[in-house]
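Trainee: I would like to learn how to read a model of this kind, one feature after another. Could you take me through it with care?

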Amino acid sequence: MIAPETNKEYDFSAPRKQSASGIIIMFANSFQKIVRALALPLILIIVKSKDSGNLALILIVFLSLLTIALALFAYFSYQKFTFFLDEKKQEFIINSGIFSKTSLTIQLNKIQQVNINQNLLQQVVGVYSLEIDTAGSEKKEASIKAIDHATATILKQKLLSHDLTENENIDIQTDNQVTGPIQPLLKLSNNTLLKIGITSNYGASLLLLTGFIFGTIQLFKDYTDALEIEREQITQMLSKGVTLFSMCFMAIFALIIILGTNIIRTFLKYFNFKIIKQKGALAISSGLFTHKNVLLTPNKVQLSAYSQNYFQKKFDLLNMKIKQASFDSADKEESKKSDIEIPGCNEQERNEVLNMILSHVPTKGAELKPNYRFIFLQTMIWIVFPISIFVLLSSYALPLLRNYLIMVIPYIIVVGIMLYFEFNRHRLYVDENFIIKKSGIWDVEHEIIEPHKIQAITAKQYFWHKAADVGHLIIHTAAGVIHFKYGNYTHIKSLVNYWSYKIEVSQKDWM
Amino acid sequence: MKEFTNETIDTDSLPKYEEVQLNPLHKKYWNVMLINIFIFLFVMGIGIATLLVLNANARGYTYVISGIYIVFAFLLIVLYRASLKKRGFAVREKDILYTSGIIALSTTIVPFSRIQHIALDEGLFSRIYGLGELRIFTAGGSSGSLHIPGIEIDNAKSIKELLMKQINEAD
């Protein structure tokens, strides 16, 4: 399909329209919006009015008129939607709008990330959408809804290769034609995906499951209410049936469901996950039904992190997150989108990816340990405080609770172990080129930043820690905050001085 | 690799932020603080008074509640007074730092090269006393930006000018 097209096709300097099938996409989009807005009132009208003869006719006429209007609208918006690349000014311009015209200009050096995605409809029609994420506090999002794959990839590379010369652009073009056979840096097999599904993201699936269970209970309640069934009978039956055996059965059942949803989610999201090296950038693609395609330029990465839990360690699996500047936009989802997750890789692949992003494999420098006060405060909050409340309640207010007093012992043991792990894993590693923070109880996470990505540094000390020379360190980056607590304050102060020196001397820009 | 040996430096000889002489906030800023505290206390007082009037049960504790209120007001004023003494900022050759906090004293350093933009705010009460608040934003979001209140407006303007010049130079 790509073969007959000549290079002329990829000249973006003249205004271009989208793929002609874009009309269908635009039509579908606006149709969907209208249906969503009109569905409820329409249903109400139909239900409320009893005589159906005239109404049906009116509705059909109305709907067909609406469809025609939408089709016209889609056609004209397709005609008016143009985009082009101004190579001289280094700008990408999108013009759109039938009645009110908008012209969106994006400076190429402000482009953070270009994504090529495909939803179900686009898959059917055979087009892709191209979204441009820009940096800057004001959120200007640009997207082209219908574009064929070859044009999209080349446009994406043109948009991101603004500092390359014309010559190299041609290189990329030819490069692109042979992307297929290029050996990917990382490719997840179904086997790995299965392992990932088993070992990670319990929290999210648990939440999903709880939601599901509550939903079912609510449904059950509504159902019994509606049919006026004696609920007591059912609850009685239920409580009789709840024995130790059925409890165990339920627990196992829940576990299976959690693992099942986990595996399905992982496959949906990360099916055919691939990372390919492309001209100093990483192209990441994945997805079973909706293809996600992201190009990542290393110098825009603000923070990289990897984490591993006990099971993952056994499988030699690591979870990686690569964060770009998020500018704490009001929309949480929006900022999450710029995070790139690599669900599973082994140590060697992690090193390769990090090497690509940070230009060498990070090394753990001098270790900073927190003061024992770290565990002291946590013990107060998580053990002493709740248990004393529990004991007080059981001895004065609620004698019923006394039967459960024995539960205090396992609680102390479990929470104590968790706190010990938390303390033991709260570490900061500092060397010349990297700051690595390790933390976590079950999932042990390492967050890696380079000193020149720091935006601001805060050193903080409570007045009662003055004598003990203990304090906190907060490193602000464009992708979040790194917090090291209860460190040696003299050391922290010298680090703050060192890093401010490093930032101010360094010629490296943070983006 | 040359750069590497170049960059290994004696960390003790680096300029120390903790030894920098801080500029205190303007004395008149205490008045602004007091106005704010009194407004807060006034609103709270009205709330408590309505509670006492409307709720017969609470009326039995009138003395306890007003006692707590007075202690609270006293503590608030003392703590803010103490915090005012602790606050201060300094503009160094390549960065700006601000120290603040009541129970936790924190110092934040923002290098000029990381400043995104600067705003100068004049609040209603601050304007009465000719003061302004300098707000310095970085890409580190709200946690990574500085808000320095209580600077004399002319001074604040000149600091802003200076910072603007530095940013442009850094570019």
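**Reading the two chains**

Mentor: Among the contacts in chain A between residues at least 6 apart in sequence, 62% join residues at least 24 apart. Please keep in mind throughout that this is a predicted model.

Trainee: How many helices and strands does chain A have, and what percentage of its 511 residues is buried?

Mentor: Chain A has 15 helices and 20 strands, and buried residues make up 27% of its 511 residues.

Trainee: How should I read the length of a helix, taking α4 of chain A, residues 149-160, as the case?

Mentor: The idea is to set an expected span beside the distance between the end C-alpha atoms. At 1.5 Å a residue, the twelve residues of α4(A) should span 16 Å, and the end C-alpha atoms are 16 Å apart, so the two values agree. The buried residues of this helix α4(A) are T151(A), A152(A), T153(A), L155(A), K156(A), Q157(A), K158(A) and L160(A).

Trainee: Is S359(A) buried or exposed, and is Y486(A) buried or exposed?

Mentor: The answer comes from counting neighbours, where 20 or more other C-beta atoms within 10 Å make a residue buried and 12 or fewer make it exposed. S359(A) has 11 C-beta neighbours inside 10 Å and therefore counts as exposed, whereas Y486(A) has 22 inside 10 Å and so counts as buried.

Trainee: Turning to chain B, at what angle do the axes of α2 and α4 cross?

Mentor: For a pair of helices, one reads the distance, the angle and the handedness together. The axes of α2 (residues 29-54) and α4 (residues 62-86) of chain B come within 11 Å and cross at roughly 165°, which means that α2(B) is roughly antiparallel to α4(B). The crossing in which α2(B) passes α4(B) is right-handed. Among the residues of α2(B) that take part in the contact are W30(B), I37(B) and L52(B), while those of α4(B) include Y69(B), A73(B) and L84(B). By class, this contact has 14 nonpolar, two polar and no charged residues.

Trainee: Where in chain B is H26(B), and which residues does H26(B) touch?

Mentor: H26(B) is in the loop between β1 (23-24) and α2 of chain B. With 21 other C-beta atoms within 10 Å, H26(B) is buried. Not counting residues up to four places away in sequence, H26(B) touches L131(B), G150(B), I151(B) and E152(B). Sequence and space can also be read side by side: H26(B) and P149(B) are 123 residues apart in sequence and 8.9 Å apart in space, C-alpha to C-alpha.

Terms used
Residues numbered from 1 in each chain as written. Chains lettered and ligands numbered in written order. Predicted model: local features only at pLDDT ≥ 70, side-chain atom pairs only at ≥ 80, totals over all residues. Axes fitted to C-alpha atoms, helices over the stretch in contact; angles between N-to-C directions. Helix = DSSP H or I, 4+ residues; strand = E, 2+ residues; numbered from the N terminus. Parallel < 35°, antiparallel > 145°, perpendicular 65-115°, else oblique. Left-handed = near helix turned anticlockwise from the far one by under 90°. Contact = placed C-beta atoms within 7 Å. Nonpolar A, V, L, I, M, F, W, Y, C, P; charged D, E, K, R; others polar. Expected span 1.5 Å × (residues − 1).
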